[in-house]
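Please have the sequence and the structure open as you read.

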Amino acid sequence: MSLLAKLRCVTIDVTGTLMAYKGELGDYYCMAAKAAGKPCPDYQRMHEGFKLAYKEMAKNYPCFGHAAKMPNIVWWKTCVRDSFVRAGYEYDEETFEKIFRRIYASFGSSAPYTVFPDSQPFLRWLRGEGLKVGIVSNAEYRYQDVILPALGLNEGSEWDFGVFSGLEGVEKPNPKIYEIALERAGNIAPEEALHIGDSMRKDYEPAKSIGMHALLLDRFKTPDAVEWRKSGAVVLPDLLAAKEWLSSDKSNC
């Protein structure tokens, strides 16, 4: 018997699993700066500045400021301003407002993302097999309301429910986010659910820790995948391979 026959629910990660970023962060920051009449910031400095600023914000105001009741736009404005400052760019308030509004609008649209060609067919196949499909992501509300629908991944046709850290106040790798997903699926038992993601720490380990099945995708041939396989994880190249694996007797392990 295949694992598919035993499942009632599949939860799935978003970034790196269903979709990827298009281009570089610097592309969008550059376009925004130029639109405000300023020179294009240095890509490398901007990338490093953003990484540090994002890490600081995520530490001080986790889940996009959920516990602090910080509006999403305020969280991102603080993060973007700090990114520029750390990269060595400071603007007057009027200029920064123009730059930020463009960046915020860009990342709240489908423009910076690309969906993998196997994502929509895979999700529809799962639902066609009678399974509940849930999105579990460390993301803010715009993923649910704007970004995923704009990319053709809609609640009701590709997925049944979403668990987004910015809306729940809990984020991966906290296993609680997976417990919320099982509740939302209809109080499904962990052994009747599978989680698919691209991170050992955020996806595989916490899902397994509560008794769910789990598998990892290695779309970008990361060196870490060697260790993942050594640890006993099922690691597959894409969702086509996941479909084949789920339908085979080999998955019954």
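The side chains of Lys172 and Asp203 form a salt bridge, 2.9 Å from N to O. A salt bridge here is a side-chain nitrogen of Lys or Arg within 4 Å of a carboxyl oxygen of Asp or Glu. Lys172 sits in the loop between H8 and helix H9 (176-184), and Asp203 in helix H10 (residues 200-209), 31 residues apart. Helices (H or I, at least four residues) and strands (E, at least two) are DSSP runs, numbered from the N terminus.

Lys172 counts as buried, at 5% relative accessibility. Asp203 counts as buried too, at 1%. Buried means under 20% relative accessible area, exposed over 50%, partly exposed in between (1.4 Å probe, protein chains only).

## Basis of the model

This is a predicted model: local features need pLDDT of at least 70, side-chain atom pairs count only at pLDDT 80 or more, and totals for chains, interfaces and linings use all residues. Residues are numbered from 1 along each chain as its sequence is written, and side-chain values use heavy atoms, leaving out hydrogens and water.

The whole structure holds 15 salt bridges. One of them pairs Arg219 with Asp118 at 2.8 Å, N to O. Arg219 lies in the loop between strand E7 (213-217) and helix H11 (224-230), and Asp118 in the loop between strand E3 (113-115) and helix H6 (119-128), so the pair ties together parts 101 residues apart in sequence. Both Arg219 and Asp118 are buried.

Arg124 and Glu158 also meet in a salt bridge, 2.5 Å from N to O. Arg124 is in helix H6 and Glu158 in the loop between H7 and strand E5 (161-164), so this pair links parts 34 residues apart in sequence. Arg124 is partly exposed at 45% relative accessibility, whereas Glu158 is buried at 0%.

## Two domains

The domain assignment, automatic or from a database, gives domain 1 (3-21 + 115-247) and domain 2 (25-108). Their centres, taken over C-alpha atoms, are 28 Å apart. In contact (heavy atoms within 4.5 Å) are 14 residues from domain 1 and 9 residues from domain 2.

The two domains bury about 940 Å² between them, with 57% from carbon and sulfur atoms. That area is the accessible area (1.4 Å probe) that two parts lose on being put together, summed over both. In domain 1, Glu140, Arg142 and Glu171 lose the most area to domain 2, together 47% of what that side buries. The count of salt bridges between the domains is 0.
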